[in-house]
Structure formats: structure tokens, C-alpha cells
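The sequence and structure come first, and the description follows.

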Amino acid sequence: MLTIRNLGLQDYETSWQAMQCFTQERNSETSDEIWIVEHSPVYTLGLSGKREHLLNTGNIPVINSDRGGQVTYHGPGQVVIYTLLDIKRLNLGVRQLVTLLEQAMINTLASHGISAVSKADAPGVYVNDKKIGSIGLRIKKNCSYHGLSLNNDMDLRPFDHINTCGYADLKVTQLSDLGVIISSTQLANSVIQAITTAL
């Protein structure tokens with residue numbers, strides 16, 4: 001059983017606390033959920049995030065998150081999908097889940113004529129060596145939370161003020177820069193369809 005919730009524009013900390021509560025309180029009977037959100041501008045540092053990768057964050061807040069990975073930026077026009085899954089029940093390892101989420105983004109982009117790839121040494125999804133999709137997860141009690149973000153049609157300039165995902169020269173891109181104009185809702189639905197098919 002899978003419940004999908006479209007939560008619209010949400011403050012990052014509100015979503016994060018809600019995910020923690022959901023994961024803390026769930027049991028073996030709890031349905032898995034997928035949440036679709038967009039966030040107000042925010043930089044988040046993952047558990048392995050180093051502050052030296054924050055170059056000039058200006059007035060955009062920086063939040064230390066409990067997801068895996070380094071530093072990233074979230075803002076309006078980026079699709080964020082949180083996967084609250086009982087991975088033990090689904091018989092998934094963490095690496096399998098990462099691959100599944102990467103592949104869901106790759107398949108969605110392919111359906112819009114964009115050729116994207118994943119990289120073994122740097123989780124996420126890339127088009128011509130520019131990052132278009134990120135993944136950061138946390139596993140607690142055999143359940144995952146956090147998830148993926150996919151750049152659709154947003155202001156990419158805040159990425160210039162960080163070493164995205166801990167890489168100094170990593171550039172980012174988005175669907176609108178690649179000639180694909182699609183609503184974030186449509187894009188999110190395509191990615192979720194790919195995730196649910198794989199599950």
C-alpha cells in the first residue's frame with residue numbers, strides 16, 4: 001500500500017520534522033508514503049557535509065540535515081520527492097534504493113528526450129556532466145526518509161555559491177535549460193510513476 005501526498009510549497013524544516021515523526025511513529029503495518037514538495041530557498045548540509053563547501057550563502061538559510069551526502073540547494077521550481085519506505089518489507093538494500101531513484105529520474109528524462117546517466121562514484125543524475133538530479137537518504141528502523149530532487153525550472157544561481165555536493169567545479173542544469181517546459185506537478189507524477197513501477 002502506497003500513499004502519495006502532494007504538499008505544495010513547504011518550509012524545509014517543517015517537512016524534515018514531519019518525516020522524522022512519521023518514521024519514528026510508523027510500525028510494520030504502516031503504509032509507505034511518497035511526498036511531493038517544493039521548498040522555499042534553502043541550503044542543506046548532509047551528514048558528511050563540510051561547511052567549507054558553503055562559499056557565499058548570503059541571506060539564504062543553511063540547515064544541517066540528517067540525510068546522507070554533502071551540501072545542496074533547494075528552491076521553487078525544483079521537484080522534491082520524499083520516499084518514506086519500509087525497505088526491509090520491500091526487500092531493498094540502501095544501494096538498490098539509490099539506484100532505483102536514479103533510474104526513475106533517468107527514465108523520466110528519457111521520456112522527454114533528455115539523455116541522462118548516473119555515476120558510480122557520485123550519486124545523482126547527470127546530463128553532459130552537469131548535475132540535474134540529487135539523492136540524499138536516511139535509514140532508521142529499516143525505513144527510508146528524505147529522497148530526491150530534480151531541477152525543473154528554477155533560479156540556478158544559488159548553486160554558484162556552494163561547492164554542489166562537495167565538488168568545486170560541478171555545474172548544474174535543469175529541464176527548462178534543456179528545452180523541456182513542463183509543470184512541476186507533471187514532472188513529479190512521471191518520476192513517481194517510474195518509482196512505483198520499479199517497486
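Tyrosine 43 faces valine 62, a residue of S4. The model that shows this pair is a predicted one. Strand S3, residues 42–45, runs parallel to S4, and three bridges join the two.

S3 and S4 belong to an open sheet of three strands, in which the order is S4-S3-S5 and the pairing is mixed. Strand S4 (62–64) and S5 form the edges, and each of them pairs on one side only. From one strand to the next, the twist averages 25°. Helix H1, made of residues 12–25, lies across S3, S4 and S5. The direction of H1 is at about 15° to S4.

## The seven-stranded sheet

A second open sheet is built from seven strands, again with mixed pairing. Its strand order is S1-S2-S6-S10-S9-S8-S7. The edges are strand S1 (2–10) and strand S7 (117–119); each has a single partner strand, so one side of each has no neighbour in the sheet. In this sheet the twist averages 20° from one strand to the next.

Within the sheet, S9 and S10 run antiparallel and are joined by eight bridges. Serine 134 stands opposite serine 149, which lies in S10. H1 packs on this sheet, where it touches S1, strand S2 (32–39), S6, S9 and S10. The directions of H1 and S2 make an angle of about 170°.

Another helix, H3 (residues 184–198), lies across S1, S2, S6 and S10. H3 runs at about 30° to S6.

## The chain as a whole

The secondary structure amounts to three helices and 10 strands. Read from the N terminus, the elements follow the pattern β-α-β-β-β-β-β-α-β-β-β-β-α. The radius of gyration is 16 Å, close to the 16 Å that the globule rule gives for 199 residues, so the chain is as compact as a globular protein of that length. The C-alpha trace spans about 45 × 35 × 30 Å along its principal axes.

## The largest pocket

The volume of the largest pocket is about 380 Å³. Its lining has 26 residues, of which Arg67, Gly68, Gly69, Ile135 and Gly136 are the closest to the centre of the pocket.

Several elements supply at least two lining residues each: strand S5 (71–74), strand S6 (78–86), helix H2 (94–111), strand S8 (122–127), strand S9 (130–140) and strand S10 (143–151). S9 provides the largest share, with five residues. By class, the pocket lining has 13 nonpolar, 10 polar and three charged residues.

## The cavity

How many cavities of 30 Å³ or more does the count give? The count comes to one. The largest cavity holds about 50 Å³ of space.

The residues that line the largest cavity are Thr72, Gln78, Lys131, Ile132, Gly133, Ser134, Ser149, Asn151, Phe159, Thr164 and Val172. Ser134 and Ser149, which both line the largest cavity, are the two serines that stand opposite each other, with serine 149 in S10. S9 and S10 each give at least two residues to the cavity lining, and S9 gives the most, with four. The cavity lining divides into three nonpolar residues, seven polar residues and one charged residue.

Note on methods:
Residues are numbered from 1 along each chain as its sequence is written. This is a predicted model: local features need pLDDT of at least 70, side-chain atom pairs count only at pLDDT 80 or more; totals for chains, interfaces and linings use all residues. Side-chain values use heavy atoms; hydrogens and water are left out. On a 1 Å grid over the protein atoms alone, a cavity is a set of points where a 1.4 Å probe fits but cannot get out, and a pocket is an open set with protein on both sides within 12 Å along at least five of seven lines; lining residues have an atom within 4 Å of a point. Grid points are joined across faces, edges and corners, and a volume is the space filled by probe spheres set on the points. Ala, Val, Leu, Ile, Met, Phe, Trp, Tyr, Cys and Pro count as nonpolar, Asp, Glu, Lys and Arg as charged, and the others, Gly among them, as polar. Two strands pair if DSSP finds at least two bridges between them. Axes are lines fitted to C-alpha atoms, for helices over the stretch in contact, and angles run from 0 to 180 degrees between N-to-C directions. Contact means heavy atoms within 4.5 Å. The radius of gyration is taken over C-alpha atoms; the globule rule is 2.2 Å times the number of residues to the power 0.38.
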